[in-house]
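Student: I would like to learn how to read a helix and the cavities in a model. Could you take me through it?

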Amino acid sequence: YGFINTCLQSLVIEKFGEEIWEKLKSCAEIQDTFMTYTVYDDVITIKLIQEACKLLGVSMEAILKMFGEYFFKFCKMSGYDRMLRTLGGNLTEFIENLDALHSYLALSYQAMNAPSFRVEKRTNGAMLLHYYSDRSGLCHIVFSPGSGIIEAVAKDFFNMDVTMEILNKSEEEERTGKKEHVVFLIVQKHCGKDKKRRPKMSERGKNSQQDQEEIEQAFQRMKEKYLTFSAFPVKKSRWDIVRSIVIFGKGNLRNHFEAVYPERLWIDEKTFCKAFPFHIVFDVTLKVKQAGVNIQKYVPGLQTRDIQVDDYFTIIHPQVTFNILSICKFINSQFVLKTRREMMPEEWKNQPTIKLRGQMIWMESLQCMIYLCSPKLRSLQELEERNMHISDIARHDTTRDLILLNQQRLAEIELSNQLERKKEELRILSKHLAIEKKKTETLLYAMLPEHVANQLKEGKKVAAGEFKTCTILFSDVVTFTNICAACEPIQIVNMLNSMYSKFDRLTSVHDVYKVETIGDAYMVVGGVPVPVENHAQRVANFALGMRISAREVMNPVTGEPIQIRVGIHTGPVLAGVVGDKMPRYCLFGDTVNTASRMESHGLPNKVHLSPTAYSALENRGFEIIERGEIEVKGKGKMTTYFLIQNLQVTENEIMGRTDNLENRGNKNKH
């Protein structure tokens with residue numbers, strides 16, 4: 001069930017973190033979360049454990065030990081704490097009633113295939129625990145040195161330490177129907193904490209002890225007197241005697257209780273068979289001696305003389321051979337029997353078979369076994385499918401209440417399943433929404449600076465900003481008009497896409513902002529929208545990278561690498577968001593015009609610098625040569641320069657092909 005896988009998930013997240021669990025799910029190829037009441041194949045759980053072993057570098061035995069100890073804690077956290085605490089007054093009773101607990105849980109987890117437990121008490125206080133399971137190799141969940149479920153239960157519920165040892169491990173499929181049979185030797189010893197509960201001995205305490213001894217003696221005298229009374233006292237009722245004992249013993253009656261039995265059984269055969277309508281008595285040869293009235297009604301063959309109980313029933317749980325010896329070995333277990341379909345009347349064979357759940361009691365004096373039971377039903381629907389009624393179950397039998405309560409429980413489970421499914425659907429939708437939101441943000445951040453985009457998302461107006469100094473770059477493709485005239489449109493698109501993809505990657509490498517592209521023109525800026533001191537160096541390195549990247553883009557007409565012109569200018573600008581329908585982050589000012597002029601007046605495969613750009617890069621480790629004085633449209637005569645290379649970094653660093661970009665950035669700052 002999903003409960004087990006959810007426990008494993010909780011263990012991994014608590015011990016190793018959410019990231020490890022996500023890696024584990026990915027390795028095990030598991031996508032969805034687990035639903036508590038949904039049945040999952042054992043292969044999924046085993047695969048998760050195996051992948052956990054690989055990922056964490058530990059053995060499967062270690063994982064199972066860890067899981068065993070955590071599973072007990074997880075059950076308590078999941079609301080089963082009180083149910084587990086009240087299962088038995090000591091460890092032996094607790095283990096003996098585990099099968100009954102599993103039987104109850106099967107009402108909610110119908111497909112549950114739980115292990116079975118059997119206890120053998122030894123004279124020295126130790127006990128043998130027999131563990132049977134269809135799943136081999138999982139006994140370490142129950143027992144492991146210093147951990148495991150049994151040790152955790154002993155310490156938490158009964159304040160005792162136990163030592164466990166595996167005496168035997170075998171497969172007994174033929175005898176028990178279970179694949180694995182493990183025998184543990186359990187030795188119990190109380191923890192030292194119990195001593196703290198005893199009050200320290202003082203003078204007053206000694207007197208109290210003496211008083212207690214006197215009370216005990218009085219109690220024993222009263223008890224002896226009580227046991228001499230006849231079965232039908234005349235002058236004093238039994239409750240008066242019991243009340244007197246409790247008063248004298250100060251509530252210790254439970255510790256000294258001895259049952260009193262009548263000389264004969266005061267109930268006739270008919271009344272017994274009606275009072276316990278579902279019971280069977282059979283001898284050592286499995287011959288039926290007696291049966292309740294309603295079990296006869298629904299299994300008519302039991303009215304036949306000298307029939308064998310195993311002719312009409314098979315044992316479902318525990319999975320043992322149907323004989324007295326096997327039943328006696330599991331005498332403390334809850335037994336589930338199922339009718340044999342082939343032995344039912346012909347008209348009943350299409351109905352579901354009847355299952356009985358109850359207790360086997362060995363009657364030594366009669367050498368017979370009595371099976372006191374009730375129909376094993378989960379809901380009113382199952383009751384109807386077998387043509388049974390609530391009235392068929394004895395009024396004292398809590399199965400009546402269990403069916404009605406479980407009907408409500410099943411409705412709650414279905415509601416819980418629906419809520420879990422809705423929760424999972426919402427989780428998946430939320431995950432998809434986050435992915436789509438990420439795509440939208442990526443697209444938005446490609447159009448606008450991140451802080452500007454965030455302000456627009458919040459509904460705020462973005463004020464224009466003035467930047468006292470920045471560096472702007474323009475580039476275009478030489479003879480682009482001629483290329484367009486000689487090629488198909490798709491060839492132009494492919495060429496520009498290849499070129500722009502390479503340039504876009506370089507903007508991330510050198511941390512410059514791409515303003516826009518128009519046709520073959522490409523515009524970037526350094527120092528806007530986030531002001532930085534080394535904006536000119538960043539743009540210069542970007543320009544050198546553009547020139548290298550252009551060698552890898554082929555002219556569709558000539559088949560040769562394309563040629564680009566690059567122009568750079570440094571100066572002040574005004575920047576702001578323009579437009580409502582398709583807002584763009586635009587730059588305004590004479591610096592933009594001058595940068596554009598540097599590009600248009602440049603030469604193929606050259607990076608053309610204005611005087612201010614040259615001043616910003618001077619003595620920064622760049623090789624720059626003077627072009628001379630040229631006539632610039634709208635600007636008059638200007639002395640311009642060509643950027644040749646960066647003397648302090650390699651071509652690989654310019655292209656972002658190494659992880660040594662920090663060294664390059666540090667050199668630029670100097």
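Student: How far apart are the end C-alpha atoms of α4?

Tutor: First, this is a predicted model, where local features need pLDDT of at least 70, side-chain atom pairs count only at pLDDT 80 or more, and totals for chains, interfaces and linings use all residues. Residues are numbered from 1 along each chain as its sequence is written, and side-chain values use heavy atoms, with hydrogens and water left out. Helices are DSSP runs (H or I, at least four residues), numbered from the N terminus. The expected span is 1.5 Å times one less than the number of residues. For the 26 residues of α4, a straight helix would reach 38 Å, but the ends are only 30 Å apart.

Student: Where does α4 bend?

Tutor: A bend is the angle between axes fitted to the seven residues ending at a residue and the seven starting there. In α4 the bend is about 110 degrees, at Gly79.

Student: Which residues line the largest cavity?

Tutor: On a 1 Å grid over the protein atoms alone, a cavity is a set of points where a 1.4 Å probe fits but cannot get out; lining residues have an atom within 4 Å of a point. Here they are Leu8, Leu11, Val12, Phe16, Ala52, Leu56, Ile63 and Met66. The elements giving two or more residues to this lining are α1 (2-16), α3 (42-56) and α4 (60-85), and α1 has the largest share, 4 residues.

Conventions:
1 Å grid on protein atoms, 1.4 Å probe; cavity = no way out; pocket = protein on both sides within 12 Å on 5 of 7 lines; lining within 4 Å.
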